[in-house]
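Please walk me through this model in the viewer, one selection at a time. Tell me what to pick next and what is found there.

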Amino acid sequence: ADLRALPGVQLASPIGRFDLAVGGTRLDAAAVRGSDLLADGRLAFRAGDPWAALIDLDGTGAAILPASLAARLGVAVGDSLPALAADGSQYGLRVAAIVRRTIPGRAGETVLVGWNDATARFGLLGADAYAVRFAPGQAATSRPLVEAAARQLALEPRPLDAALGAVSDTLERVFSAFDLLAAIAVVIAGLGIVNTLTMNVLERVREIGVLRAVGMTRRQVWRMVVVEAGVIGLAGAALGLLLGLAVAGFMLLLAGGVSLVSSLDPPWVLMGLTLVFGVAVA
């Protein structure tokens, strides 16, 4: 109420994150006001009527799910989620709509629950953040007032760009960790190639001796081993790339990707380097 009363503030919407237990599984949830999201227009709806879903969110027993979570749970619009209320009873949340993305949580995207349900049924005590929208043309004059009032209320004012930047930094750290794991896997794969080909040669010492005895030169033996290793490395790298693309496509399907053609963006340069690396190590 204090934030809404400031000059030039059009909207101050509370957002509260909490844990939601559905069928014995913990899900990230966020309490929001549907009428505020209706005025925002940022949600990209996949299924369900946007206006009706957001209005239902301010009533009771409605929830909006991200597409990835809806696909993982196998639910559609109109289905019910058996949620555990704060008093230990079961409270059904009807899936009012499915959207492409929601608010990020601790372990994934959140289930959007109405503010009234979250405080009355699931024990939410208050807001973690307030989304402030300025009236058209009032941002420059109202922002200092909002920042001063927020600090008096023990809140930390942060522009949306800074919040998005923090999310991007977090994602970049996660992807860097995945890149490091991939590099370790490549090193282990290289050692596996060396081990396999070394044993392949050592176990054929007698056969190579027979070939030398019937007239094969050292250079021809060397060439035979190298060509064989190159063929094995090429086949292994090609199969690995195809398997990697298949796994990536499967993960996109689980994440609710619209289309593999539009969602899958293979790193062609890295894939080419991987193919060369596999053959070169072999």
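Select helix α2 (residues 50-57) in this predicted model. The elements covering its buried residues include β2 (25-32), α1 (34-40), β3 (45-47), β4 (62-66), β6 (90-99) and β7 (111-114). The buried residues in α2 are A53, L54 and L57. Viewed down the helix axis, they fall within an arc of 95°, so they line one face of α2.

Stay on α2 and show the side chain of D56, together with that of R94. The two form a salt bridge, with the closest N and O atoms 2.9 Å apart. D56 belongs to helix α2 and R94 to strand β6, so the pair ties together parts that are 38 residues apart in sequence. Both ends are partly exposed: D56 has a relative accessibility of 31%, and R94 one of 34%.

How many salt bridges does a search of the whole structure find? The search gives five. For another of them, select D19 and R26, whose side chains meet at 2.7 Å, N to O. D19 is partly exposed at 43% relative accessibility, as is R26 at 39%.

Next, pick R101 and E109. Their side chains form a salt bridge as well, at 3.9 Å from N to O. R101 is partly exposed, with a relative accessible area of 45%; E109 is also partly exposed, at 21%.

Move to helix α5 (residues 139-152). At 1.5 Å a residue, its 14 residues should span 20 Å, and the end C-alpha atoms are 20 Å apart, which agrees. Colour S142, V146, A149 and A150, which are buried in α5. These four cover an arc of only 100° around the axis, which puts them on the same side of the helix. The buried residues of α5 pack against β1 (9-22) and β8 (129-134). Which residues are exposed on the other side of α5? They are A140, T141, R151 and Q152. Just after α5, A154 has a positive phi of about 60°.

L171 counts as partly exposed, at 43% relative accessibility.

How values were computed:
Residues are numbered from 1 along each chain as its sequence is written. This is a predicted model: local features need pLDDT of at least 70, side-chain atom pairs count only at pLDDT 80 or more; totals for chains, interfaces and linings use all residues. Side-chain values use heavy atoms; hydrogens and water are left out. Buried means under 20% relative accessible area, exposed over 50%, partly exposed in between (1.4 Å probe, protein chains only). Helices (H or I, at least four residues) and strands (E, at least two) are DSSP runs, numbered from the N terminus. The expected span of a helix is 1.5 Å times one less than its number of residues. The arc is that of the directions from the helix axis to the C-beta atoms. Contact means heavy atoms within 4.5 Å. A salt bridge is a side-chain nitrogen of Lys or Arg within 4 Å of a carboxyl oxygen of Asp or Glu.
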